[in-house]
Amino acid sequence: MRNTGKTEKGTGKIIRHAVVDSAYGPMLVAASEDGICRLSFGEDEQDLRRHFPKAELRGRDAAFDALVARIQAVVAGERDGADIPLDQHGTEFQHRVWAELRAIPAGDTRSYRDIAERLGNPNATRAVGGANGANGVAVLVPCHRVIAHDGKLGGYAYGAEMKRSLLAREGVTLASAG
């Protein structure tokens with residue numbers, strides 16, 4: 001579930017994948033035997049191959065379809081995804097940031113500075129931003145819950161409207177447009 005070190009590009013991994021419908025458009029779900037390794041929007045198999053060029057990509061099976069159904073329910077806001085296993089590769093620092101992101105409750109937000117302070121280094125806001133941006137499992141690691149220190153929306157890999165919509169689904173209303 002938790003892998004550290006440099007991105008392995010999928011070496012020795014079998015990754016099952018599918019593009020499925022979601023409230024936010026086409027959603028790519030990809031999983032190794034260890035857990036979800038990619039959850040993204042507007043991507044396809046070609047994008048997955050760029051992220052994991054050394055993996056063996058395979059289609060769906062019954063176990064994968066059951067996992068996809070659980071993820072669709074999380075993305076729809078019908079359930080929590082804390083029990084869904086993840087297979088993220090990154091540095092120890094990235095894993096610490098991702099753990100902090102997963103600890104943000106639905107309906108709440110944090111700033112990059114808040115997270116840096118929680119990690120014991122208030123000057124690491126840019127590094128926190130980099131780790132946030134390196135998150136490859138959107139929604140399950142809720143990087144959309146990170147906003148700018150001034151309370152504005154801030155950036156998001158899938159666009160401001162999707163971020164605003166994800167936050168609104170959780171009951172978060174920001175005072176000003178980001």
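These legends accompany close-up views of a predicted model. Residues are numbered from 1 along each chain as its sequence is written. Local features need pLDDT of at least 70, side-chain atom pairs count only at pLDDT 80 or more, totals for chains, interfaces and linings use all residues, and side-chain values use heavy atoms, with hydrogens and water left out.

**View 1. Gln-88 and its polar partner, Asn-135.** Gln-88 sits in strand 6 (residues 88-90); strands (E, at least two residues) and helices (H or I, at least four) are DSSP runs numbered from the N terminus. Its relative accessibility is 7%, so Gln-88 counts as buried (under 20% relative accessible area; exposed is over 50%, partly exposed in between; 1.4 Å probe, protein chains only). The side chains of Gln-88 and Asn-135 make a polar contact at 3.1 Å (N or O atoms within 3.5 Å, one able to donate a hydrogen and the other to accept it; residues adjacent in sequence count only if both atoms are side-chain atoms).

View 2. The structure has 3 aromatic pairs (ring centres of Phe, Tyr or Trp, the last by its six-membered ring, within 6.5 Å; planes under 30 degrees apart are stacked, over 60 edge-to-face, the rest tilted). Tyr-24 lies in the loop between strand 2 and strand 3, and Phe-41 in strand 4, so the pair ties together parts 17 residues apart in sequence.

**View 3. Phe-41 meets Tyr-158.** Phe-41 is buried at 7% relative accessibility. Its ring centre lies 5.4 Å from that of Tyr-158, with the planes at 75°, so this pair is edge-to-face. Tyr-158 is partly exposed at 24%.
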